[in-house]
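The model comes before the notes.

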Amino acid sequence: MDSEQQAQTTAPSGEFEREPVPKSALLGFKSFVGMYAGEHCAGTELTLGPLFVAAGVGAFDLIVGLLVGNALAVLSWMLMCAPIATRARLTLYFQLEKICGRKLVVLYNLANGVMFCFLAGAMVTVSATAVGVYLKFPMPELTDIFPNSVGWVLAVAVVGGLIAVVAAYGYQTVARFANVAAPWMVLVFLAFGLVGLRQFIDATGIEIKSAGDLWHLASTQMWDGGDPQPGKVKFTFWHVMFFAWFCNMAMHIGMSDLSVFRFARKSWYAVASAAGMYVGHFMAWISASILYAYQLHLDPTDNAVLPGPLAYRAAGVAGLICVVIAGWTTANPTIYRAGLAFQALTPKTSRFKVTLITGAIATVAGMFPAIAMKLLEFVALYGLILMPMGAVIFVDFWLIRRFGLESSYAEKSGRLFNWAAGAAWGVTLVTAYLLVKYARIQIYFVSLPGWFVAAILYIVLSKYYQKKVRPTAAKA
Amino acid sequence: MRLALRIVSILSLTGLILPSVLFLAGRTDLDRTKWLMLLATIVWFVTATPVMWKEPSEPDKEEVIVP
């Protein structure tokens, strides 16, 4: 993942925030490949890969599910997000402000900031597991919700505190360091997989002489498709495919990456997201899952998902450094961005103070292992919450005029809160909640129907809203 | 100097991944793999940091389209 959500980290920021990006500032294809390849190899990949194994995934379901799901994610960037980005060339926030009004954007910011805080918490958790390898304090188990030892709390407090202070003082420095670490980190992730594979071969005694032998090892030992671990939902092909597709939903279908692709010369540059998907969300997840599967192979009762010990077993100190850096370099921009989102609510508060407070919240969140241990569910929820606004933008840009309605209605009517968009967002989330709660549809599957609910609601509600609230010019 | 650092840093990435490939092929043991990876890690950060730190951040000047 994303951190995905990291896609804007190295994107030009602070420029053209309230105007279309001019031709002179457009970027070539290479910029986007580098940006996506580095930024989807985050600390949380070390948790997500193992959680697939904990969910009892089978080899075919995992491999093919990831191939298809990531392809759908890339297509979502190419066909939904980038075409709007390269036509409007506006940031997500400015585009939203024109459609929804400033007050609704503030609400969106709040939701985004809260989700970023928890995501950063999971990244702090990942880094803190590396500390436990040397200090030997009890670390969380797979089913733990609350912190289980004083040592764990202190480790998260120190790691999270440091990350927060550094993010507040020197965000740019860490961003540059992340740039240096990215190629190294990708190769360490690959090394995890290669070492884990050999360990499996040695532990099982299976001889690998052909691709068929390798598949036999993968499907009978690594990802045997057995029962999930206690408290986990059984993952099938559909779970894997939808998860891979929607784990960055906020970015593609949710349109966050409008801010990134507004700099792209052509919309097809969004194919560059494949570099991130197939490095971070394919290779890295598979590598991390091999390490965890090997841990279970050695001791089926040892089901704790702890990236630190997993990485240390495979790659020693280099692996531990990777865990710390992967968590740190991705938590840094996430905390910083959450701080920016919150600062929009209280513009007079200093960015330094807001970032520190945000870091503190993320650190406290990181102490609760429930977020990291239920990261699959959390990431699905994150995409779901922000997705309806992506549907609103899509409809507003492409479809709304075909229904005889006006686009960018908040701007035209001078309203600060477009109730049609706000209600479409809220009702979609309530519908998704009801589907999960009462129709027993798992959270991984509600986003797809949710998008259509949001799109249809926005059109229907706009019919009523635009009749009731007339544009400023019409009033005059 | 910059070119030398760049070459050494690229070699260190090779040195980072090669031990795990050799371990997979059964040509080396895990302890040696771990030590070589740590050594390559140190070399990478020492040599790549001065080179990559100074490179312009996005937007890459070479990639900016000037009409």
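**Cavities**

I looked up the lining of the largest cavity and found that α8 (237-246) and α14 (375-399) of chain A each supply at least two residues. Helices here are DSSP runs of H or I with at least four residues, strands are runs of E with at least two, and both are numbered from the N terminus. The model is predicted, so I note that local features need pLDDT of at least 70 and side-chain atom pairs count only at pLDDT 80 or more, while totals for chains, interfaces and linings use all residues. Residues are numbered from 1 along each chain as its sequence is written, chains are lettered from A and ligands numbered from 1 in the order written, and side-chain values use heavy atoms, without hydrogens and water.

On a 1 Å grid over the protein atoms alone, I take a cavity as a set of points where a 1.4 Å probe fits but cannot get out, and a pocket as an open set with protein on both sides within 12 Å along at least five of seven lines; lining residues have an atom within 4 Å of a point. Grid points are joined across faces, edges and corners, and a volume is the space filled by probe spheres set on the points.

I count two cavities of 30 Å³ or more. The largest cavity holds about 50 Å³, and α8(A) gives the most to its lining, with three residues. Among the lining residues of the largest cavity I list Phe242(A), Phe243(A), Val379(A), Tyr444(A) and Ser447(A). The lining divides into eight nonpolar, one polar and no charged (Ala, Val, Leu, Ile, Met, Phe, Trp, Tyr, Cys and Pro are nonpolar, Asp, Glu, Lys and Arg charged, the others, Gly among them, polar).

The second largest cavity holds about 40 Å³. Its lining includes Lys232(A), Glu377(A) and Tyr444(A), and divides into five nonpolar, no polar and two charged.

**Second largest pocket**

I put the volume of the second largest pocket at about 320 Å³. Of its 16 lining residues, the closest to the centre are Leu197(A), Leu214(A), Trp223(A), Ile286(A) and Ile290(A). In chain A, α6 (150-204), α7 (211-222) and α10 (273-298) each supply at least two residues of this lining. I sorted the lining into 14 nonpolar, two polar and no charged.

**Salt bridges**

How many salt bridges are there over all chains? I find six, with a side-chain nitrogen of Lys or Arg within 4 Å of a carboxyl oxygen of Asp or Glu as the rule. Arg18(A) pairs with Glu97(A), with the closest N and O atoms 2.7 Å apart. Arg18(A) lies in the segment before α1 (29-39) of chain A and Glu97(A) in helix α4 (residues 92-100), 79 residues apart. Arg102(A) also forms a salt bridge with Glu97(A), at 3.5 Å between the closest N and O atoms. I note Arg18(A), Glu97(A) and Arg102(A) as a network.

Glu97(A) is buried at 18% relative accessible area, with buried meaning under 20%, exposed over 50% and partly exposed in between (1.4 Å probe, protein chains only). Arg18(A) is partly exposed at 47%, and Arg102(A) is partly exposed at 46%.

**Chain B**

I find two helices and zero strands in chain B. Buried residues make up 36% of its 67 residues.
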